[in-house]
Amino acid sequence: MSRALDPQKPPERELRRQIKDALQAKGFLVLYLEESKGYGRPGTPGLPDLVAIRKGEYVWIEVKSLTGQLQAAQADLHRLMRAAGANVIVARSTDDVRDL
């Protein structure tokens, strides 16, 4: 039995697409940083889902559902990235990227 999706609470995959589309409409180049899933490509635990680039500005974006929580590796890496001067945000809706 399939579960009906609540349009007010999209799954992270759909939310990621909405955020990517919203940023592209604002002129950002948006890259999806897919997990390696063990296919022989080394990954960085906690790396944000998206990086948006425009006019030399980089924004690292972790996409989470309204109830999604950061994993410890994500929180740790985001803290290190911010300490190095990176702009890292957690986006739970397109509202979170509206002012970029």
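Two strands count as paired if DSSP finds at least two bridges between them. The views below come from a predicted model.

View 1. V51 stands opposite W60 of β3. I53 stands opposite Y58, also in β3. Two residues lie between the strands of this hairpin. K55 takes a positive phi there, near 50 degrees.

**View 2. β3 and β4 run parallel.** Five bridges join this pair of strands. W60 has V88 as its bridge partner in β4. From β3 the chain passes through α2 to reach β4. This β-α-β crossover is right-handed.

**View 3. Four strands form an open, mixed sheet.** The strand order is β1-β2-β3-β4. β1 (29-32) and β4 are the edge strands, and each pairs on one side only. From one strand to the next, the twist averages 25 degrees. Helix α1 packs on the sheet and touches β1, β2, β3 and β4. The direction of α1 makes about 160 degrees with that of β3. Helix α2 also packs on the sheet, touching β3 and β4. The direction of α2 makes about 145 degrees with that of β4.

**View 4. The largest nonpolar core has 13 residues.** I19, L23, A52, I61 and V97 have the most contacts inside this core. At least two core residues come from each of α1 (12-25), β2 (50-54), β3 (57-63) and β4 (87-91). In soluble globular proteins, nonpolar side chains tend to be buried together. A52 is shown with its contacts beyond four places in sequence. These are L23, F28, L29, V30, E57, Y58, V59 and I61.

**View 5. M81 is a buried residue of helix α2 (residues 72-83).** Its relative accessibility is 11%, so M81 falls under the 20% limit for buried residues. Leaving out neighbours within four places in sequence, M81 is in contact with P48, W60, A86 and V88. M81 and W60 are 21 residues apart in sequence. Their C-alpha atoms are 9.2 Å apart in space.

**View 6. R82 of helix α2 is partly exposed.** R82 has a relative accessible area of 41%. That value lies between the 20% and 50% limits, so R82 counts as neither buried nor exposed. Apart from residues up to four places away in sequence, R82 touches V88 and I89. R82 and W60 are separated by 22 residues in sequence. From C-alpha to C-alpha, R82 and W60 are 10.0 Å apart.

**View 7. Q74 is a buried residue in helix α2.** The relative accessible area of Q74 is 8%. The Q74 side chain reaches the backbone nitrogen of Q71 at 2.7 Å. Q74 also touches G46, E62, K64 and Q69, with residues up to four places away in sequence not counted.

Methods:
Residues numbered from 1 in each chain as written. Predicted model: local features only at pLDDT ≥ 70, side-chain atom pairs only at ≥ 80, totals over all residues. Heavy atoms only, no water. Core = buried A, V, L, I, M, F, W, Y, C linked by side-chain atoms within 4.5 Å. Buried < 20%, exposed > 50% of the residue type's maximum accessible area, 1.4 Å probe, protein only. Contact = heavy atoms within 4.5 Å. Right-handed = clockwise from strand over helix to strand, strands pointing away. Polar contact = N/O pair within 3.5 Å; in protein donor to acceptor, adjacent residues only side chain to side chain. Axes fitted to C-alpha atoms, helices over the stretch in contact; angles between N-to-C directions.
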